[in-house]
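Hi everyone, thanks for coming. I'd like to walk you through one model today, starting with the ligand and finishing with a pair of helices. Here it is on the screen.

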Amino acid sequence: MSLAEYRVLITGAGGQLGRALQLTAPPEWEVLACGSAELDVTDADAVRRIVRLRRPSLVMHAAAYTSVDAAESHAELAEAVNAGGTRHVAEAAAAVGARLIHVSTDYVFDGAQGHPYAPGDGPNPLGVYGRTKLLAEQAVAGLLGTRGLTVRTAWLYSAQGRNFARSMLRLMRERDEVGVVADRVGTPTWAQSLAEALWSAAARADLHGILHWTDAGLGSWYDFAVAIQEEGLAAGLLTRDVPVRPLASSDYRTPARRPSYSVLDTRTSRSALGLQPPHWRVNLRRMLQGVGHA
Ligand SMILES: NC(=O)c1ccc[n+]([C@@H]2O[C@H](COP(=O)([O-])OP(=O)(O)OC[C@H]3O[C@@H](n4cnc5c(N)ncnc54)[C@H](OP(=O)(O)O)[C@@H]3O)[C@@H](O)[C@H]2O)c1
């Protein structure tokens with residue numbers, strides 16, 4: 001059986017990105033959406049079986065262990081899912097001649113550079129999550145060569161799932177004040193906008209290696225929280241204004257170390273894909289106002 005030209009298998013289909021990919025899929029693509037219950041990527045046989053059976057021309061690999069802090073105490077599991085799982089998916093894709101688009105993270109960088117990271121800049125992850133995602137990137141490059149593309153993104157949020165925007169809205173309803181780290185800088189990115197960029201990349205079989213994609217602009221977690229409050233009030237999702245207090249990361253200890261500056265330079269992908277992402281705040285507004293569902 002040959003590969004169907006426009007058949008894509010999505011792993012991690014129940015996650016933020018997995019759902020956004022399904023919602024934004026162009027009509028020419030036949031989508032096989034596999035959540036963690038249908039396909040556990042740590043099970044090499046299961047991955048091989050489903051890819052051999054369904055013969056996609058493309059695998060969009062959105063499954064990952066994404067709890068950055070929990071990964072520090074569950075390193076084996078994080079490595080099994082992120083590094084091992086990606087290796088299984090890459091091997092299975094290679095075996096049938098499919099392309100693979102894999103999603104990685106700004107947390108492969110240590111943040112010391114102080115200006116936006118280009119795809120070729122040297123990674124140096126500070127924690128288990130970033131380290132296991134870097135291993136995944138290496139597996140994709142090593143096993144798939146020109147049929148493998150890793151797209152690094154950052155600070156993903158969507159209308160569903162576990163993310164900073166939803167946590168902030170909840171805390172702002174429950175508490176009389178919220179404190180948020182103000183000395184870590186990155187780029188909030190709407191899962192739907194990443195998904196649209198990935199579908200553009202899907203149409204470009206010549207793209208391989210590593211690309212960076214986020215919404216435009218940058219800000220601290222504190223800036224993001226202030227914007228969530230302002231846009232949440234404007235969208236009627238919040239009814240009162242609570243003080244948002246800037247914190248130093250030294251006053252807000254977490255199990256995982258995180259880069260203080262992890263803005264990604266997206267120039268290469270913007271030019272390759274012919275897309276200009278909106279400023280992150282514009283997409284935050286669109287998400288909170290319910291434009292799109294992801
Ligand atoms: N979230 C961010 O801020 C962020 C930032 C940069 C890059 N990324 C990357 O972007 C991609 C998508 O992230 P996301 O935000 O959509 O994450 P997410 O919402 O946590 O979704 C990840 C999905 O992977 C699934 N999964 C976990 N273990 C699995 C396994 N063994 N087999 C199959 N599926 C498994 C999860 O299923 P269960 O829920 O059932 O466990 C979940 O549905 C990931 O590669 C992530 O590393 C995310």
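Before I point at anything, one term: when I say polar contact, I mean a pair of N or O atoms within 3.5 Å. And please keep in mind that this is a predicted model.

With that in hand, let's look at Ser36. A polar atom in the side chain of Ser36 sits 2.5 Å from an oxygen atom of the ligand, so this pair falls inside the 3.5 Å limit. Lys133 also reaches the ligand through its side chain, where an N or O atom is 2.7 Å from a ligand oxygen.

How much of the ligand does the protein cover? On its own the ligand has 890 Å² of accessible area, and the protein covers 78% of that.

Now the wider surroundings. There are 24 residues around the ligand, and those that come nearest are Leu17, Ser36, Thr66, Tyr129 and Lys133. By type, the shell consists of 12 nonpolar, 10 polar and 2 charged residues. Which element gives the most to this shell? That would be β4, with 3 residues. At least two residues each come from α1, spanning 16–24, β4, spanning 99–105, and α5, spanning 128–144.

Let's move over to the helix pair. Two packed helices are described by the angle between their axes and the distance between those axes. For α6, residues 164–174, and α8, residues 221–234, the angle is about 65° and the axes are 10 Å apart. Their crossing is right-handed. On the α6 side, the contact includes Phe164, Met168 and Met172, while α8 brings in Trp221, Phe224 and Ile228, among others. Sorted by type, the residues of this contact are 9 nonpolar and 2 polar, with no charged ones.

Key
Residues numbered from 1 in each chain as written. Predicted model: local features only at pLDDT ≥ 70, side-chain atom pairs only at ≥ 80, totals over all residues. Heavy atoms only, no water. Near = heavy atom within 4 Å. Polar contact = N/O pair within 3.5 Å; in protein donor to acceptor, adjacent residues only side chain to side chain. Areas by Shrake-Rupley, 256 points an atom, 1.4 Å probe, with all protein chains shown as cover. Helix = DSSP H or I, 4+ residues; strand = E, 2+ residues; numbered from the N terminus. Nonpolar A, V, L, I, M, F, W, Y, C, P; charged D, E, K, R; others polar. Axes fitted to C-alpha atoms, helices over the stretch in contact; angles between N-to-C directions. Left-handed = near helix turned anticlockwise from the far one by under 90°. Contact = heavy atoms within 4.5 Å.
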